[in-house]
Number of protein chains: 2
Amino acid sequence: MTSTPVNASVDPKVLQEVLDGRWAHVRRDARENLDDPEMLPVYGETMQEARDRVTRMSKKLADSGRVVLGFPKEYGGQDDSGGSVTSIEMVAFNDLSIMVKTGVQWGLFGGALQLLGSKRQHDEYLRDVMSFELPGCFAMTETGHGSDVQQLRTTCTYDPATQCFDLHTPHQAARKDYIGNAAKDGRMAVVFAQLISQGTNHGVHAWLVPIRDEHGNPMPGVTIGDDGPKAGLPGVDNGRLSFDHVQVPRDMLLDRYGQVAEDGTYTSSIENETRRFFTMLGTLVRGRVSVGGSAGSATKLALDIAVRYGDVRRQFAAPGEDREIVINDYLVHQRKLLPALAKTYALHFAQGELVETMHDVQTAVHVHGQEIDEQAQRELESRAAGLKVAQTAHATATIQMCREACGGAGYLQENRLPHLKADTDVFTTFEGDNTVLLQLVAKGLLTGYRDAFGSLDGWGRVGFVADMVRETVLERTAARALIQRLVDAVPGRDDEVPMLDRGWQLKMFEFREKHSLEGAIRRLRKNAGTDGMAPFDMFNSVQDHVLTTAQTHIERIVLEAFVAGVDRTEDEAAKVLLDKLCDLYALSTLEADKAWFLEHGRLTPARAKLLTATVNQLVRELRPHMITLVDAFAIPAHWKAAAILEEEPGRQEAMAARDAEPRAQNGGGTVEGTATDLDVPPGQ
Amino acid sequence: MTSTPVNASVDPKVLQEVLDGRWAHVRRDARENLDDPEMLPVYGETMQEARDRVTRMSKKLADSGRVVLGFPKEYGGQDDSGGSVTSIEMVAFNDLSIMVKTGVQWGLFGGALQLLGSKRQHDEYLRDVMSFELPGCFAMTETGHGSDVQQLRTTCTYDPATQCFDLHTPHQAARKDYIGNAAKDGRMAVVFAQLISQGTNHGVHAWLVPIRDEHGNPMPGVTIGDDGPKAGLPGVDNGRLSFDHVQVPRDMLLDRYGQVAEDGTYTSSIENETRRFFTMLGTLVRGRVSVGGSAGSATKLALDIAVRYGDVRRQFAAPGEDREIVINDYLVHQRKLLPALAKTYALHFAQGELVETMHDVQTAVHVHGQEIDEQAQRELESRAAGLKVAQTAHATATIQMCREACGGAGYLQENRLPHLKADTDVFTTFEGDNTVLLQLVAKGLLTGYRDAFGSLDGWGRVGFVADMVRETVLERTAARALIQRLVDAVPGRDDEVPMLDRGWQLKMFEFREKHSLEGAIRRLRKNAGTDGMAPFDMFNSVQDHVLTTAQTHIERIVLEAFVAGVDRTEDEAAKVLLDKLCDLYALSTLEADKAWFLEHGRLTPARAKLLTATVNQLVRELRPHMITLVDAFAIPAHWKAAAILEEEPGRQEAMAARDAEPRAQNGGGTVEGTATDLDVPPGQ
C-alpha cells in the first residue's frame, strides 16, 4: 500500500501517546510515582527474603490506591475495571512477583468476592481485602484438576442441622495446589468445590473460608503446605490447602449465582448447571486480561534491553575495516529482534481493544446494573482467552530470544533477562493452559457466538457436528468498516497485488482463518458419519487442525487491531513508521505460515520467495528506528534494573576506548582481513 | 520403505544397548556407581551453598577417576578421549553445575594444559589439575570479546630484561568475564592474550597464571570479581579477572604451538598467525563435544519426566465416559513429545559418531604422536560446531516444551524441569554462540574442507567468491555406501515415491542442502559483481540464507547418523521401532520446512498435506511405545529427583482413587456430556 520512506525524526513521545491510549493517566501515574527500589527484583535474595519484600510492597501498593481502581466507589475504589488491569500491566514492569501477588489478592481473591459475593459480604470484607488487611487466596486448582475445573473433587455439603457446609478434601489429588498467598500470608480463601445439598450436586460454587487465625496458625481442619521454590516468582508464596471436614457457615457461600436456604433448598437464576458455572467463571475474566497485559510488559522490557544492547555491542570487524560492527546491523540480528518488536506492537493494540471491551462490558453489568449481554460476554471471554495465549506465548519466545541475543550478559541476573524469563514462564500454563484456551477459542468459532449457550450441552453428542452452522461468518473487530473497505479494494487476481497492500494482507489472514475453519468442520462432520469411530477419536484426530484454526483467528484479530491503531494515529511521521511496522507484523506472520498458503494455492513459489525478500527489506528499512520503537514504550530508567544499560562512566569509556583502538600494539600486520571476516554474526 | 507394525514387546534393554554404543562400560559404571545424593540439585539452596556442594562433589569426582579418563596414562589417566566426554555426558544427568564445573576444570583448563602445554608443564602441574588440588580457570572470553576471540584486548608482552611477560588488561571491556572457577575456587588460570615480543604481535596465545595464593587471596596485580547470580548453574562460580601488569615467567607460556626464546625471539611451526590460532583452538574441540552431549542428557531427562507424567496425568473425560483421558492420548500432546523424542534419538546417534571421530583423531595425534590430518581435523571441528548448535537448540526448545507439558507441576523446582531449563539455557551461547557456530559451519561448506586452510586468509577479500568451488560435493558420513544405495534406488519421478521410503527422505535432505548451498554461492557471487556494494553488505545481505544452509547441512548429517544407527541394530523388533522413529525424525523435519520444498517444486500441495497426515499417523503408531523409548535412556531412578515421578504410596493411591470415582456424590445428573467434552487438551 505505502512504500513511503520513514522519516528519521519520528518523536518517540508521539508514538508513546498512541500506545498509551485511554488509560494514559494510569500509565503516567505509575511511571512518575511507582519508584520504590524495593519494587524491583533483588538479585540473589532468598525465597524468604523475596516473599517478605513482596508482602511489604503489596501493602504499600494497597495504600497507594493504585491496585484497587476496579472496586466499587462506595468501598473506596473507582469502579474502573479498565484502569485496574492497566495498573497491573504497569506494576508488571517491576518485580513480576509483585504483579502476581497483586493479581491474586485484588484480581482473583478480591475479584471473586466482588463479583460472586453479595452486598452483605462486600460490606463485611471488601475494605479489608482492598487494604490488604485481609490477605486471601483463590483456591480453585487442585493437584488433579487444573484445566478441567468443572470436575474438581473437593466437596462442600450442606447440613440443615448445623446450618453449615462441610468442606472436605476426599483424597490427596483433590488438595488445592499452586495457590498464591497460601503458603505464608493468606488468612482467608475463596474455595471452589462441588456444592451438595439435599443429596444433589449442584456443581462448583465458591465459599469464603478462613484458613489462618490472627496469629497465622492454620484453622482447625485446614492443612497448609508450601509448593516451595519454583522456576521463578520467588516472592509469591504458592501453597497447598486441604480441608478435613471444615465447617463453613451457610452465609459464607458466595451466593450471587446460587443460594442455599436454611433448609437446604437450592435456588439459582440460572437453571443449567454448566451455564451457571461458566457464568461465574466468566465474571473473572479480568485475571486472564491482566496476565496477557503483564506478559506484554515483560516482553517490552526484554526487547528494550536487547535492542539497546544490540545498538552498542560490537563484534567482528567488517572486511577491510578496523571498526567492529554493531550487532543490530547484522541481518540475522534484525531478523530476530524486529519481527518480535512488530508483534509486540500488534499485541499492544489488540490488548488495548480488549481492555476497553472488558471495561465497557463489566461497567454495564457491575456499575450500571444492566443484564449480562451474553453474546458480548462470550466474545469477550474468547478474545481474552485468545489474547492471553498470544501474549504469553510471544513473551516466552521473545524473552528467550532476547536472552540469547545478549549472549553471556543475558545469562547474568544483574541484567534482568533471567528474571523476566523465569517469572513469566508459568504464564503460558496458568490462568488457563494455552492449549486448553486455544481449544476454547476454537469451540467458540465452531459454534459461533450467537448460539454458544444454546448448544453447549450438546457438545458431548456426536450429533452436534451435523447441526453446526455451515456458513462461517468472521466476526469483525474495531474499525470494521475500514478493514472491509481495504479488503474489498483488492482485485480478484490477488496474486498480482503488491505485498505491501494492506487489503491484500488482511485478505490473506481472513482467507486462511475461514478456509481452516471450514476444513475443520468438514473433517469433524466426516468423522461423525464414520461408523464405529469412538466420539473421542472424532475430535482427537482433528485436534491439531482445530487448534491451528484458533491460532489463525487470533492472528487476524491482532492484525485488525494493529490496522485500526495505525488508522487513528494523527501524526503523519508516526503513522508512516507504524504503518511499516504493521507491514512487518503482517508479512512476517504470513511468512511463518508460508507453507499453508503455498499448499492452498494462495502464494505461488515466486510470491513466496518475494515474501521473504520483502520481510528482509522491511527489517532493513526499520533498522534505523529500533531505538525509537523501544523508546516509545516509555519504560522509566528506574524500572529497568539491568546493569548493561547503566550509564557507568567506566563502562561507557571502556566501550568507547575499545572502538577507538583497533588492537593494542599491533605490530605484526597479519591480523586484518583474516578468516574471521565472514564470522560476522552477533552473540556474546 | 517399511510400514511394518511395531511389535509391542520391544525390550527397552535391547534399545539401550544400541544407544549405549562404544563407551557402554563408561555409561554402566556411572549408572551403577555415581549415586551420591549430593550430586543432585538441591532445591532452594543458596548460591553459596550450591557452590560449596559443587566444589565438594568436584573433588569427589576427581577421586573417582571418572573425569580424568582423557588424560595421559603416565599421569594416571586412560588416554581415552571418547571415554572422558562420555563420562561428562553421564555426569550431566546429575546437577548440571557439576557438569559445567567438571568441564571447566578437566575439559577446558586441564585440556588446555594437556594439549597446548609442554612435557615439563605436564610434569609440574597435570597431576594436581587431575586431582583438583589445583583448581583452575579457562580465561579466554572478555566482556568486549566473546565470539571474536582472535581480537582479544588483553596483552602479554615479553621483556628479555626480566625474562617475564607483562600481562595486562588495558581497559574494563578487556577484563575476562563469565570465567568458571574464578569467583571462588580457581588458583590458576590459563589466560589467553595477544603475545607481543620484540615489538611484534604474534596473535593470541595462552599462559598459566597463578591468580590466588594458597590462602585464597588474589595474587598481586590480579583483580577478581564475581558475576553473581545467574539464570541457572548456581553452583558454578563464574567471575571476572583483570590483570594490572602482572609478571608472568617466560616458562609459563603454553608453548606447544609457539615459543619465545630468552631474548624474545618468537618461533612457531605454524607460520601463519590465523592458522596457528585456529590450530590451537582446534585442539580444544572436546569442550564443544561435551556441551552437545550434556545438552542431550538434559533433554533426555526432561523427556523422561514429561512422557511419564503424560502417561498418568488425566484431564477431561471422553464424551459419554466417566474415565478421564490420559494426556499422552491427545494428538497435540503426541505432536509435542514424539517428534522431540525422535530428534533426541537422531542427535544421540549423531553425537555417538562425533565422539568416535573425535576420539580417533585425538588419539592419533596425542597418543600415537601422528601428524594432524588437517582435513579430518577441520571436518571434526565443523561437525562438533554443528552438533553443538543442534543439541543445545533442541535442548532449549524441548525442555521448555516439557515444562509446559507438565503444567503447574512443571514450574515447581521439586519436579526438576526448572533446573534443567535454567541450567542449560546458556548452552546455546557459551562454548561458541550458536549463531556464530552456524556461520562457521557455513564457511566450511562454502569453501569445502580440502582447501579451507589455503583460502582462509582470502576471506576478507571480495575475490574469494569468484574462486569458490563451483561443484558442491556433499560429504558423506558413516554408512555412506548404504546411504548412497538408498538414494540411488529412488526413481527420477520422486513425487510418486512413498514418503516412508528412506531413500526418498535422504534425497530430500540432500537436495535441500545442495540447492541451498548453490543458491548462497550464486547470490554471493552476484553481490561481488555489484559495483559500489560494501564488502560487509555483500555478506550481510545473504546472512540468513547462509545460516539456513548450515542448518540443512546439520540436519542431513544427523539423519544419516540415525539411518546408520538403525542399520546396525541387530534385534529385529528394536530395529522396526527405531526405523519408525527415524521416519518420524525425517518427516517431521521435512514438515517443519515444508514451505521450502513447495517453493522449490519438490513437494506438490497434495504431497505436502500428505506429509502432515503421515506425521500424524506416525505419532499415533508410536504412541504405545513412548514409555519404552524413554526407558531405553536408562536413566537410573536415583538421578531423577522429580517428585512427580516418585512412587509415594499416598500419591499413587490418590491417582488411582481419582480415576475410580467419577465424581464425589454426584446426584444431579446434569454433569456428564457437558460443554467441556471438546475441551480435551493436555496441560495443568
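Here are some questions and answers about this predicted model.

Me: How is this model numbered, and which pLDDT do local features need?
Reply: Residues count from 1 along each chain as its sequence is written, and chains are lettered from A and ligands numbered from 1 in the order in which they are written. Side-chain values use heavy atoms, with hydrogens and water left out, and since this is a predicted model, side-chain atom pairs count only at pLDDT 80 or more, totals for chains, interfaces and linings use all residues, and local features need pLDDT of at least 70.

Me: What is the bridge partner of Gly225(A) in E8(A)?
Reply: Strand E8 covers residues 239–243 of chain A, and 5 bridges join E7(A) to E8(A), running antiparallel. In E8(A), Gly225(A) has as its bridge partner Arg240(A).

Me: Is helix H7 of chain A largely enclosed or largely open, and which residue caps its N-terminal end?
Reply: Buried means under 20% relative accessible area, exposed over 50%, and partly exposed in between (1.4 Å probe, protein chains only). For H7 (residues 273–282) of chain A, 8 of the 10 residues are buried, so the helix is largely enclosed by the rest of the structure; Phe277(A) and Phe278(A) are among them. At the N-terminal end, a side-chain oxygen of the cap lies 2.9 Å from the backbone nitrogen of Thr274(A), and the capping residue is Asn272(A).

Me: What percentage of residues 137–246 of chain A is strand?
Reply: UniProt lists this stretch, in an unreviewed entry, as "domain: Acyl-CoA oxidase/dehydrogenase middle"; such annotations may be inferred rather than shown by experiment, feature names are shortened, and positions are given in the numbering used here. The end C-alpha atoms of the stretch are 17 Å apart.

Me: Are the faces of strand E3 in chain B covered or open?
Reply: In E3 (residues 164–168) of chain B, 5 of the 5 residues are buried, so the strand is largely enclosed by the rest of the structure. Cys164(B), Asp166(B) and His168(B) sit on one side, with Phe165(B) and Leu167(B) on the other, and all are buried. So to speak of its faces, both are covered.

Me: Which residue of E9(B) is the bridge partner of Asp166(B)?
Reply: E3(B) is joined by 5 bridges to strand E2 (residues 155–159) of chain B, running antiparallel, and there Thr157(B) stands opposite Asp166(B). E3(B) also pairs with strand E9 (residues 246–249) of chain B, in the antiparallel sense over 4 bridges. In E9(B), the partner of Asp166(B) is Gln247(B).

Me: Does Phe316(B) count as buried or exposed?
Reply: Phe316(B) lies in strand E12 (residues 314–317) of chain B. Its phi is near 70°, a positive value in a residue other than glycine. At 1% relative accessibility, Phe316(B) counts as buried.

Conventions
Two strands pair if DSSP finds at least two bridges between them. Helices (H or I, at least four residues) and strands (E, at least two) are DSSP runs, numbered from the N terminus. A polar contact is a pair of N or O atoms within 3.5 Å; within protein, one must be able to donate a hydrogen and the other to accept it, and residues adjacent in sequence count only if both atoms are side-chain atoms.
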